[in-house]
Amino acid sequence: MAASRRGTLALLCAAAVATLTLSTQGYAQDKQITLGFAQVGAESAWRTANTESVKSAAADAHVKLKFSDAQQKQENQIKAIRSYIAQKVDVIAFSPVVESGWEPVLREAKAAKIPVILTDRSIDVKDPSLYVTMIGSDFLEEGRRGGKWLEDHYKDQSGPINIAELQGTVGSAPANDRHSGLMEVIKDDPKFKIIASQSGDFTLAGGKQVMEAFIKTYGNKINVVYAHNDDMALGAIQAMEEAGMHPGKDITVVSFDATKGGFQAMAAGKMNVDVECSPLLGPQLMEAAKAVAAGKTLPKRIVTTETVFPADVAAATLPSRKY
Ligand code: AHR
């Protein structure tokens, strides 16, 4: 999202930023609502957990769920949203694959008086009335957290510290913001250099393939792998091991999501830090959908509470990870 627009939105919404604490009690007697949910795809362990969270929360909240998987293609999500409009669902929710290009279909939803809730990823639109609320992580802050961890990790070391970045899906909010958050932190420290940056599309296979190419070009010059999610980090770890390298030891691995796979890699000493991004958004989404269908006003932005897990807490924390 453009910085100025992000700033304006932040100002507009600052007072409203809060964790949704609406109680489902009070909606229990309401008529059943139908929610059309257009999911991004099934690209990662995070996404699988997110889908499971949405489906089980819908069943628990007695919400009739219509679910579609866009296979990481914006045109499929747009088709799904149009079909939910045609079916006159009560509420539409979606996790937008990329940030731009949503105005036309959202105007159609608005004209049909169907409220739209964004989950997980944000969009870049001039008219914020095109959606009711956005529930999910602050990806920019996640990027800053990854950058600050790196700064601290290398505080006593001189440069250059060469970073190879495995980006998420091109044009997606988490890829844009996790990159920008890192840049914000390291831009004034000449010791850090991003020597390679390419998208692995948030998949394990993509992360492995891009890392193999990075190793061919840069070899031992790489000091840090900054992977925008755990699946790509795990693919990169495989590539490094196949090349005889020791991820987590001679190459520092920074990742995002904090899935069980990420924790297992940290416990095995192959990943150094995992910045949390929770996919367990289903219960908040159902509360928000019921509230909006009941005519309640919601905060424009509902931010997920998250933390950072360095490798030394992995073994103790792994048994309690829920995704
Ligand atoms: O939008 C959230 C991101 O999408 C997660 O970090 C990633 O694993 C997923 O595919």
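## Polar contacts across the domain interface

Seven is the count to start from: across the interface of domain 1 and domain 2, the rule finds 7 residue pairs in polar contact, with both residues at pLDDT 80 or more. Salt bridges are absent here: the rule finds 0 across the interface of domain 1 and domain 2.

This is a predicted model.

## Domain layout

The protein chain splits into two domains. Domain 1 covers 3-137 + 279-305, and domain 2 covers 139-277. Their C-alpha centres are 29 Å apart.

## Extent of the interface

How many residues of each domain are in contact with the other? Domain 1 contributes 15 residues, and domain 2 contributes 20. Between domain 1 and domain 2, about 1,300 Å² of area is buried. Carbon and sulfur atoms give 50% of that area.

## Aromatic pairs

The count of aromatic pairs comes to 5 by the rule used. One of them joins phenylalanine 37 and phenylalanine 67. This pair is stacked. The ring centres lie 5.9 Å apart, with 25° between the planes. Planes under 30 degrees apart count as stacked, so the angle of 25° places the pair in that class.

Which strands does the pair link? Phenylalanine 37 sits in strand S1 (residues 34-39), and phenylalanine 67 sits in strand S2 (residues 64-69). The two residues are 30 residues apart, and their pair links distant parts of the chain.

Note on methods
Residues numbered from 1 in each chain as written. Predicted model: local features only at pLDDT ≥ 70, side-chain atom pairs only at ≥ 80, totals over all residues. Heavy atoms only, no water. Domains from an automatic or database assignment. Contact = heavy atoms within 4.5 Å. Buried area = accessible area lost by both parts, 1.4 Å probe. Salt bridge = Lys/Arg side-chain N within 4 Å of Asp/Glu carboxyl O. Polar contact = N/O pair within 3.5 Å; in protein donor to acceptor, adjacent residues only side chain to side chain. Phe/Tyr/Trp six-rings, centres within 6.5 Å; stacked < 30°, edge-to-face > 60°. Helix = DSSP H or I, 4+ residues; strand = E, 2+ residues; numbered from the N terminus.
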